[in-house]
Amino acid sequence: MKNISRRKFLRSSAIIAATGALVTPNVACKRLFVNTKTSGSKTLSLKFSHMMHELRHTFTISGFSRDQTAAVLAEISYDGYTGYGEGGLPPYMTGQTVESSTFFLNKIDLSQFSSPFELEDILTYVDSVDSGHSCSKSAIDIALHDLIGKLLDKPLYQLWGYNREKAPDTSFTIGIDKEEVVRQKTEEAAPYNLIKVKLGVDEKTDKMLVNTIRSVTDKPIVVDANQGWKDKNFALEMINWLNERNVLLIEQPMPKNVFDEMAWVTERSPLPTFADESCQRLADVAKLHNVFSGINIKLIKCTGLREANKMIATADALGMKLMIGCTTESSCAISAAAQISPKMYFADLDGNLLISNDPFTGMKIVDGKITLNDKPGIGISRI
Ligand code: MG
């Protein structure tokens, strides 16, 4: 098990402070959000800082345990308006850390562009500066979209023509834990219509987790095996077992690079299968056709909303289902992801509910359903 320690984060912060980048804990971010409209220049400028989100409960998935998650916050200003964008930096996004995002974002120069509406050119440039860094690229993408929404005084979902009434329910996620903790977390999930459970440990533990949830509620369950089932016959057996227990879908049952066996499972599976770790960016979508039933889009994987919309169009064309996921992020990243949620079969946007120090408010969950507001851009305000 790996744990991110506060000491390690503080050490990282000290290194970054020494290099001149702006590093602020969530509390100190307050002063950054006083005004969104000031007398401004028509020059694009980028500032960034880092936040450390505190988790309400230690979160365990197949391979990791953690109490905190770092995130990068981008602020892009133009003509007196400021757009905000966030990219979570969870440990499974290998190599994407506070240090690496600082290194990358210090290389970005937006002053060469005359307006945020040159979105395609700006984001092509940002993507070309260095490979990887998808979390930081997503923070920039979201901030630019938020800025454009504010300049046009419209929420993004309206600019894209998405009907907010079609936004789906979100699930509440339960990690791998002891029986009594799983029972308690299932009871805490009462306000939600869907429960997502992380499996992929071993048969006994996986069945205990599902049986424990079922001892509390009959609500539909979404299963994420996080690549945990290595054998195709075992994966199919587990899916058939889950199908008899009101499970709606199965996410990433097998390792991310296993394609032929995964196609074999999908062909025989009574439940739709979704690619998460197998599907990072737009270029992956077509390769997964007939391997999975659908894809899980996460903004920190695909570099943000612009590429996410291209993935939606591609999946639509191929007849593949769509879901949207997140990591432990604040209402900034979660409200951005919610803007495209009306296109989703299923949403897993509970990251902000899992943290105790969210510096923003935005998209709300009402009766278990994602509820988008009328505010421009990604629809957030500073708490
Ligand atoms: Mg997943």
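Keep in mind that the model is predicted.

Metal first. Three residues give protein donors to the magnesium ion: Asp224 through OD, Glu251 through OE and Asp276 through OD. They lie 2.1 to 2.2 Å from the ion. In sequence, the spacing reads D-x26-E-x24-D. Take glutamate 251 and aspartate 276: the pair links distant parts of the chain, 25 residues apart. Glutamate 251 sits in strand 7, residues 247-251. Aspartate 276 is in the loop between strand 8 and helix 10. Buried or exposed? Glutamate 251 is buried, at 0% relative accessibility. Aspartate 276 is buried too, at 2%.

Now the salt bridges. The count is 22. I'll start with aspartate 127. Its side chain meets lysine 137, N to O, at 2.7 Å. Lysine 137 belongs to helix 4, aspartate 127 to helix 3, and 10 residues separate them. Lysine 137 is buried at 3%, whereas aspartate 127 is partly exposed at 27%.

Aspartate 127 also bridges to arginine 281, at 2.8 Å. Aspartate 127 is in helix 3 and arginine 281 in the loop between strand 8 and helix 10, so this bridge ties together parts 154 residues apart in sequence. Arginine 281 is partly exposed, at 24%.

Next, arginine 245 and glutamate 244. Their closest N and O atoms are 3.7 Å apart. The arginine is partly exposed at 23%; glutamate 244 is exposed at 65%.

Last, a network. Salt bridges with shared partners join Lys196, Lys198, Asp224, Glu251 and Asp348. That brings us back to the metal: Asp224 and Glu251 are among the magnesium donors.

Note on methods: Residues numbered from 1 in each chain as written. Predicted model: local features only at pLDDT ≥ 70, side-chain atom pairs only at ≥ 80, totals over all residues. Heavy atoms only, no water. Donors = N, O, S within 2.8 Å, 3.2 Å for Na, K, Ca; no water. Helix = DSSP H or I, 4+ residues; strand = E, 2+ residues; numbered from the N terminus. Buried < 20%, exposed > 50% of the residue type's maximum accessible area, 1.4 Å probe, protein only. Salt bridge = Lys/Arg side-chain N within 4 Å of Asp/Glu carboxyl O.
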